[in-house]
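Subject: Structure handover

Hello,

Here is the structure you asked for. Please open it alongside the notes that follow.

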Amino acid sequence: MKLADRTALVTGAAKGMGWEICMTLARAGADVALAARDTPPLETLAHAIEALGRRALVLPCDVTHEPAVQRAVARAIEVLGRIDILVNA
């Protein structure tokens, strides 16, 4: 999978399957916006992604709260430029 110059937004990124999806995307070359309610695991994940040479953006977000989702998407686009891939884990 070649995802160089692609940006992904992953919800539920903090743990388990979401974490693994984020790491897989980063290993394939994508920058990743990390959304979940639990911030400390997101920060740890961001460091792991950055160690691979990819950009990671921590987005604390409760996806059941629409304004929070809108802010997270806007911030991801502002910082990373665009969203090419969306994963709701």
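Strand 2 (residues 31-36) and strand 3 run parallel and are joined by five bridges. Ala33 sits opposite Leu57 of strand 3. Two strands count as paired if DSSP finds at least two bridges between them. Helices (H or I, at least four residues) and strands (E, at least two) are DSSP runs, numbered from the N terminus.

Before going on, two notes on the source. This is a predicted model, where local features need pLDDT of at least 70 and side-chain atom pairs count only at pLDDT 80 or more, while totals for chains, interfaces and linings use all residues. Residues are numbered from 1 along each chain as its sequence is written, and side-chain values use heavy atoms, with hydrogens and water left out.

The sheet

Strand 2 also pairs with strand 1: five bridges join them, and they run parallel. Thr7 has Asp31 of strand 2 as its bridge partner. Overall, four strands make an open sheet in the order 3-2-1-4, with parallel pairing. Strand 3 (56-60) and strand 4 are the edges; each has a single partner strand, so one side of each has no neighbour in the sheet. From one strand to the next, the twist averages 15°.

Helix 1 (residues 16-27) packs on the sheet and touches strand 1 (7-11), strand 2 and strand 4. The direction of helix 1 makes about 175° with that of strand 1. Helix 2 (residues 39-51) also packs on the sheet, touching strand 2 and strand 3. The direction of helix 2 makes about 170° with that of strand 3. On method: axes are lines fitted to C-alpha atoms, for helices over the stretch in contact, and angles run from 0 to 180 degrees between N-to-C directions.

Strand 2 is mostly covered, with six of its six residues buried. Buried means under 20% relative accessible area, exposed means over 50%, and partly exposed is in between (1.4 Å probe, protein chains only). In a regular strand, side chains alternate between the two faces of the sheet. In strand 2, Asp31, Ala33 and Ala35 point one way, while Val32, Leu34 and Ala36 point the other way; all are buried.

Asp31 deserves a look. Asp31 lies in strand 2 and counts as buried because its relative accessible area is 7%. Leaving aside neighbours within four places in sequence, Asp31 is in contact (heavy atoms within 4.5 Å) with Arg6, Thr7, Ala8, Arg54 and Arg55.

Thr11 lies in strand 1. Thr11 is buried too, at 12% relative accessibility. With neighbours within four places in sequence left aside, Thr11 is in contact with Ala35, Val63, Val87, Asn88 and Ala89.

Salt bridges

How many salt bridges are there? The count comes to five, where a salt bridge is a side-chain nitrogen of Lys or Arg within 4 Å of a carboxyl oxygen of Asp or Glu.

- Arg54 and Asp31: the closest N and O atoms are 3.0 Å apart. This pair links distant parts of the chain, 23 residues apart: Arg54 is in the loop between helix 2 and strand 3, Asp31 in strand 2. Arg54 is partly exposed, at 23% relative accessible area. Asp31, Arg54 and Arg55 are linked in a salt-bridge network.
- Asp38 and Lys15: their side chains meet at 3.1 Å, N to O. This pair also links distant parts of the chain, 23 residues apart: Asp38 is in the loop between strand 2 and helix 2, Lys15 in the loop between strand 1 and helix 1. Asp38 is partly exposed at 32% relative accessibility; Lys15 is exposed at 54%.
- Glu78 and Arg75: the closest N and O atoms are 3.0 Å apart. Both lie in helix 3, three residues apart, about one turn of the helix. Glu78 is exposed at 59% relative accessibility; Arg75 is partly exposed at 39%.

A surface patch

Ile77, Ile83 and Leu86 form a nonpolar patch on the surface, with about 250 Å² of accessible area together. Patches are made of residues with over 30% relative accessible area and no salt bridge; like charges are joined within 9 Å, nonpolar side chains (Val, Leu, Ile, Met, Phe, Trp, Tyr) within 5 Å. Accessible areas come from the Shrake-Rupley method with a 1.4 Å probe; for residues, only the protein chains shown count as cover. Ile83 is in the loop between helix 3 (66-80) and strand 4 (85-88). Ile83 is partly exposed, with a relative accessible area of 30%.

Best wishes
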